[in-house]
Amino acid sequence: EFILLGLSDTRELQVFFFTFFLLAYAMVLLGNLLIIVTVRTDPKLSSPMYFLLCNLSFIDICCTSVTSPRMLVDLLSQRKAIAFEDCIAQLFFLHFVGTSQMFLLTAMAYDRYTAICKPLHYTAIMSRRVCWALVLACWAGGLLHSIVHTLLTIQLPFCGPNKINNYFCDVPPVIQLACTDIYVTERLIASNSCLVSLLCFSALVTSYVFILVTIRVRFTEGHWKALSTCASHAMVVTLFFAPCIFSYLLSFSTFPSNKPVCMIYTVFSPAMNPLIYTLRNNEVKVSMWKLWKRCR
């Protein structure tokens, strides 16, 4: 088994963190479920953009549910032990849904590129069949990436230290406990993460370059509306990509403890996404208001 050191040893701080992260977790669940229900019940929100947004909300729920429940339990526990099998399972599902979200954000950027740069062909290009294919490809890519990370981790021998300086099991702190030289494993894991991150980031940057060029050449009211949704998407991408790149592309030994950074993509980003997309999107706000009036 491993021992999770958690966020703090002070009892007062543990109670504070428990209350804070319980509210944050409830916000993630309620906010993202509200988006899913709103999109599913309003026929006006049947475009590919909202279909992908609905899937993003589902992934946000999955991502934070991998770490938050365990963290909340440990904050009230004296001994924060986790079995080896449970630790590997948490590591696997965290990378599964996290990488799937990275691919989905890239697919959403492609959707915005198609809507702005190829508006006359948008319906044909982003058909329902294509949307489902993109979503399934995102999950498949996340699964493959997670399998590689997990296999590289479980093949290491663990026979000595068992204290993980974090509140959940992740690749960098876990492999540091291996009873062998992990230089090659670190390089392989970093290369795997680097490949996925660079591919997604390159696709995102390319799509936004084409979007900005198109808007500069011909700017209409419709383009302004599309650009507003791009701004929301860019904020979500920044909240998710920046901490992930910091955690996995930099040397693992340089930053042995990055708990504040981990909180961004496991708790704060899933909690902020519903606010970003609802506060900046009038269609979603109107649909939510209609849903509220029907439920009263």
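Which residues of α5 are buried? The buried residues of this helix are Cys131, Val135, Cys138, Trp139, Gly141, Gly142, His145, Ser146, His149, Thr150, Leu152 and Thr153. Buried means under 20% relative accessible area, exposed means over 50%, and partly exposed lies in between (1.4 Å probe, protein chains only).

The model is predicted: local features need pLDDT of at least 70, side-chain atom pairs count only at pLDDT 80 or more, and totals for chains, interfaces and linings use all residues. Residues are numbered from 1 along each chain as its sequence is written, and side-chain values use heavy atoms, with hydrogens and water left out.

**View A. The whole chain, with its helices and strands.**
The chain holds 10 helices and three strands. Helices (H or I, at least four residues) and strands (E, at least two) are DSSP runs, numbered from the N terminus. Read from that terminus, the order of elements is β-α-α-β-α-α-α-β-α-α-α-α-α. Of its 296 residues, 51% count as buried. The chain exposes about 14600 Å², and carbon and sulfur atoms supply 70% of this area. Accessible areas come from the Shrake-Rupley method with a 1.4 Å probe; for residues, only the protein chains shown count as cover. Among contacts between residues at least 6 apart in sequence, 80% join residues at least 24 apart. A contact means heavy atoms within 4.5 Å.

**View B. Stretches annotated as "transmembrane region" in UniProt.**
The unreviewed UniProt entry places this annotation on residues 15-37, 49-68, 88-110, 130-148, 195-215, 227-250 and 262-279. UniProt positions are given in the numbering used here, feature names are shortened, and annotations may be inferred rather than shown by experiment. In the model, residues 49-68 are 100% helix and 0% strand, and the C-alpha atoms at the ends of this span are 28 Å apart. Residues 130-148 are also 100% helix and 0% strand, with 27 Å between the end C-alpha atoms.

**View C. Helix α5 and Ser146.**
Helix α5 covers residues 128-154. Its 27 residues should span 39 Å at 1.5 Å a residue, and the end C-alpha atoms are 39 Å apart, which agrees. The expected span of a helix is 1.5 Å times one less than its number of residues. Ser146 lies in this helix and is buried, with a relative accessible area of 0%. Leaving aside neighbours within four places in sequence, Ser146 is in contact with Phe92, His95 and Phe96.

**View D. Thr185 in helix α7.**
Helix α7 runs over residues 183-217 and contains Thr185. Thr185 counts as buried because its relative accessibility is 7%. Not counting residues up to four places away in sequence, Thr185 touches Leu152, Gln155 and Leu156.

Helix α1 has 31 residues and reaches 44 Å from its first C-alpha to its last, close to the 45 Å expected at 1.5 Å a residue. Its buried residues include Phe17, Ala24, Gly31 and Ile35. With four residues, α1 gives the most; Phe268 is found in α9.

**View F. Salt bridges, including Arg79 with Glu1.**
Side chains of opposite charge can pair when their charged atoms come close. A salt bridge is a side-chain nitrogen of Lys or Arg within 4 Å of a carboxyl oxygen of Asp or Glu. The structure holds four salt bridges. In one of them, Arg79 pairs with Glu1, the closest N and O atoms being 2.4 Å apart. Arg79 lies in the loop between α2 (48-75) and β2 (81-82) and Glu1 in the segment before β1 (2-4), so the pair ties together parts that are 78 residues apart in sequence. Arg79 is exposed, at 55% relative accessibility.

**View G. Salt bridges of Asp74 with Arg70 and of Arg112 with Asp111.**
The N to O distance between the side chains of Asp74 and Arg70 is 3.3 Å. Both residues lie in helix α2, four residues apart, about one turn of the helix. Asp74 is buried, with a relative accessible area of 6%, whereas Arg70 is partly exposed, at 24%. Arg112 and Asp111 meet with an N to O distance of 3.0 Å, and both of these residues are buried.
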